[in-house]
Amino acid sequence: MFKTTPEVGGMGHSVKRKEDSRFIQGRGNYVDDVNLPRMVFGHMVRSPYAHARLKKIDISKAMALPGVLAVITGEDLAKAGLAWMPTLSGDKQMVLATGKVLFQAQEVAFVVAEDRYVAADAAELVEVDYEELPVLVDPKKAMDKGAPLLREDREQKDNHIFHWEVGDKQGTEKAFAAAPVKVSLDAFFQRCHPAPLETCGCVADYNTATSKLTVYLTSQAPHAHRTLFSLVGNIPEQNIRIISPDIGGGFGNKVPIYPGYVCAVVASLTTGLPVKWIETRSENLMSTGFARDYHMTAEVAANKDGKMTALRVKTLADHGAFNAAAQPTKFPAGLFSICSGSYDLPTAFCEVDGVYTNKAPGGIAYRCSFRVTEAAYLIERVVDVLADELKMDAAEIREKNFIPANAFPYKSPLGWEYDSGNYQDNLKVALDKIGYKDLLKEQAEKRKGRVHGHWHLHVHGNRGRGPGAYLRHCRHQDV
Amino acid sequence: MAKQTIKVKINGREREASVEPRLLLVHLIRESLGQTGTHIGCDTSNCGACTVMLNGKTIKSCTMFAVQADGGELMTVEGLIQNGQWHPLQEGFKEEHGLQCGFCTPGMLMSSYALLQKNPNPTEEDIRWGISGNLCRCTGYQNIVKAVQFAAKKMAQGGTK
């Protein structure tokens with residue numbers, strides 16, 4: 001490998017990080033460490049119900065508590081045209097609920113007080129009357145006749161968000177009709193939360209003298225957030241400064257914009273004071289962006305020798321109450337069409353339908369995966385199912401179906417161009433290195449009485465840094 | 001709510017504060033005493049980002065009241081540096097890349113500090129047990145273990161406590 005000299009550094013040399021020195025001395029500057037003069041604190045009142053009509057909000061007791069400066073409700077925001085905000089996926093999301101709430105822990109009112117304990121006390125004193133509505137949690141029932149209509153604000157009167165398809169539908173059907181072997185797999189990639197160790201929060205500081213807004217924000221996307229603050233608050237972008245200081249982990253969770261940020265800005269505009277809002281862990285886990293939640297079906301058509309001839313994928317995507325998916329592609333399912341993986345499939349068809357449910361907004365790109373994780377999981381599992389069906393070895397079936405090294409640049413049936421690769425040789429090296437044949441023997445031996453498994457994963461990834469493939473082989477012993 | 005005056009020693013300095021009985025110790029440390037190195041991650045003792053030493057033992061300061069520390073001696077991440085010299089653990093975390101976002105790091109350092117005080121020559125398993133009350137979402141722990149091993153080795157060589 002090319003290696004520079006130690007004087008030059010760089011390639012082949014480890015690099016010490018500049019930020020470590022302050023982090024290990026407790027001198028980081030995370031959002032909750034920001035402490036501005038005259039700063040006050042916000043606390044969110046959240047819905048205990050997943051779906052309910054808002055009948056009445058009584059803030060009088062909360063306002064009567066000494067130290068409380070303001071209680072902002074959705075109705076207050078509506079008067080200023082701020083009750084809704086655009087999401088990063090072309091949908092809109094309630095800042096504070098008006099009319100009804102659509103998921104448990106949805107934001108209902110924002111209390112501002114001189115002290116964070118008083119703000120929390122006052123939030124308890126906000127009285128909200130709810131009328132419970134039927135709850136929709138199963139995305140498979142979202143399109144049923146008689147399913148409760150969640151988004152009354154939309155012109156479209158059902159719970160369907162989008163349909164997206166790619167590939168050759170007819171060609172794939174033809175290949176399936178002609179195939180001697182067909183397997184299918186229902187796979188659910190469950191909802192998961194990125195859970196950065198630092199929760200979300202901000203300090204919003206509107207300067208009444210200069211009309212400029214500064215927001216210290218747990219933001220992975222400060223430029224996008226500045227645009228959104230400008231759109232929602234009708235403040236010119238040049239008058240908004242988003243400072244993303246040290247961030248205690250993001251993993252995609254800090255890409256979407258959350259109602260708490262907007263409320264803190266509104267509260268700062270209203271009171272003329274800097275307003276700090278920091279989520280509790282429970283709030284973070286209940287209300288901020290989730291990932292995955294894909295109900296997937298994959299079907300593979302193949303010849304008797306194990307050569308795959310077609311792939312058909314149908315997926316139901318649960319996006320929760322608002323489509324606030326945060327990913328940089330123009331496709332509603334991100335890069336999910338990479339689901340043909342590293343395999344040379346003559347034809348394929350993939351379709352994804354997004355639906356609303358009474359859950360916190362989902363669909364964020366956990367650890368920049370943009371649905372590649374879901375795709376890789378699906379294709380590798382269904383290849384294993386095919387191997388089982390044909391009683392073939394898991395490595396052998398992969399080798400047989402990999403895109404051959406001489407086929408690059410390769411155009412995938414779902415539209416991707418793979419520039420280069422040599423998957424067969426990669427697999428061979430990996431199998432030799434782990435002693436695959438011995439492992440199979442060991443497995444056969446151990447299966448006399450116990451379960452002993454191993455699995456293959458050949459990920460064809462295309463992330464922020466561009467497409468690439470890697471191979472992982474894991475063992476599960478003594479399960 | 002009626003306030004009461006408490007006295008604590010933090011990183012060698014005597015401090016006094018007037019607090020509500022319900023004030024959490026972590027808020028005393030971060031806000032009243034201005035030592036923001038100690039973090040709040042979970043509010044429930046799960047993640048260990050708020051780990052500090054109280055009277056020689058590690059505690060999770062997000063689930064303890066400030067008044068419970070009255071008269072006690074606290075040590076936080078800011079107290080690791082001595083006479084301008086980094087503690088070997090701090091060197092270890094930097095050398096072995098034992099952190100990314102840095103949010104869990106102060107708690108990890110304090111738990112590791114307590115571990116090495118009790119057990120100057122820990123096995124890998126000892127280290128993993130020692131930091132089992134601390135969560136890190138970035139590193140996968142591997143390099144944190146290496147960082148603690150680095151420190152243990154350095155302390156054995158140099159006689160640092």
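Select Ala105(A). Is this residue buried or exposed? Ala105(A) is buried, because 20 other C-beta atoms lie within 10 Å and the cut-off for burial is 20 or more. Keep in mind that this is a predicted model. Now check the backbone. Phi of Ala105(A) is positive, about 80 degrees, although the residue is not a glycine.

Go next to Cys368(A). Here too phi is positive in a residue other than glycine, with a value near 60 degrees. The setting is the loop between strand 17 (347–355) and helix 9 (372–390) of chain A. How does Cys368(A) count by its C-beta neighbours? It counts as partly exposed, because it has 18 of them inside 10 Å, and burial would take 20 or more.

Now select Glu152(A). Look in the loop between strand 8 (127–132) and strand 9 (160–167) of chain A. Glu152(A) is exposed, with 9 other C-beta atoms within 10 Å; the limit for that class is 12 or fewer.

**Chain A as a whole**

Zoom out and show chain A as a cartoon. It carries 12 helices and 21 strands. The C-alpha trace spans about 75 × 70 × 50 Å along its principal axes. Colour by burial: 48% of the 479 residues of chain A count as buried. Then turn to the contacts in chain A with a separation of 6 or more. Of these, 76% join residues 24 or more positions apart.

**The cis peptide and the helix pair**

Select Phe408(A) and Pro409(A). What kind of peptide bond joins them? The bond is cis, with omega about -5 degrees. Pro409(A) belongs to the loop between helix 10 and strand 18 (410–411) of chain A.

The crossing of helix 10 of chain A with helix 11 of chain A is left-handed.

Show the side chains at this contact. From helix 10 of chain A, pick Ala395(A), Arg398(A) and Glu399(A). They meet Gln424(A), Leu427(A) and Leu431(A) of helix 11 of chain A. By class, this contact of helix 10 with helix 11 of chain A has 3 nonpolar, 1 polar and 2 charged residues.

**Where the chains meet**

Display both chains. The contact draws on 25 residues of chain A and 29 residues of chain B. Which element gives the largest share on the side of chain A? Helix 1 (residues 20–23) of chain A does, with 3 residues. The side of chain A that touches chain B divides into 9 nonpolar, 7 polar and 9 charged residues.

**Into chain B**

Colour chain B by its domain assignment: domain 1 covers 4–78 and domain 2 covers 88–158. The centres of the two domains of chain B, taken over C-alpha atoms, are 22 Å apart. Across the boundary, 14 residues of domain 1 of chain B are in contact with 11 residues of domain 2 of chain B. On the domain 1 side, strand 3 (residues 51–54) of chain B gives the most, with 3 residues. That side of domain 1 of chain B has 6 nonpolar, 8 polar and no charged residues.

For the last stop, select helix 2 (residues 88–95) and helix 3 (residues 105–118) of chain B. Their axes come within 10 Å and cross at roughly 130 degrees. The two helices of chain B are therefore oblique to each other. Helix 2 of chain B passes helix 3 of chain B in a right-handed crossing. Show Leu89(B), Gln90(B) and Phe93(B) in helix 2 of chain B. Facing them in helix 3 of chain B are Thr105(B), Leu109(B), Ser112(B) and Tyr113(B). This contact of helix 2 with helix 3 of chain B has 4 nonpolar, 3 polar and no charged residues.

Definitions and conventions
Residues are numbered from 1 along each chain as its sequence is written. Chains are lettered from A and ligands numbered from 1 in the order in which they are written. A crossing is left-handed if the near helix is turned anticlockwise from the far one by less than a right angle, and right-handed if clockwise. Helices (H or I, at least four residues) and strands (E, at least two) are DSSP runs, numbered from the N terminus. Two residues are in contact if their C-beta atoms, placed from the backbone, lie within 7 Å. Ala, Val, Leu, Ile, Met, Phe, Trp, Tyr, Cys and Pro count as nonpolar, Asp, Glu, Lys and Arg as charged, and the others, Gly among them, as polar. Axes are lines fitted to C-alpha atoms, for helices over the stretch in contact, and angles run from 0 to 180 degrees between N-to-C directions. Angles under 35 degrees count as roughly parallel, over 145 as roughly antiparallel, 65 to 115 as roughly perpendicular and the rest as oblique. Domain bounds come from an automatic or database domain assignment.
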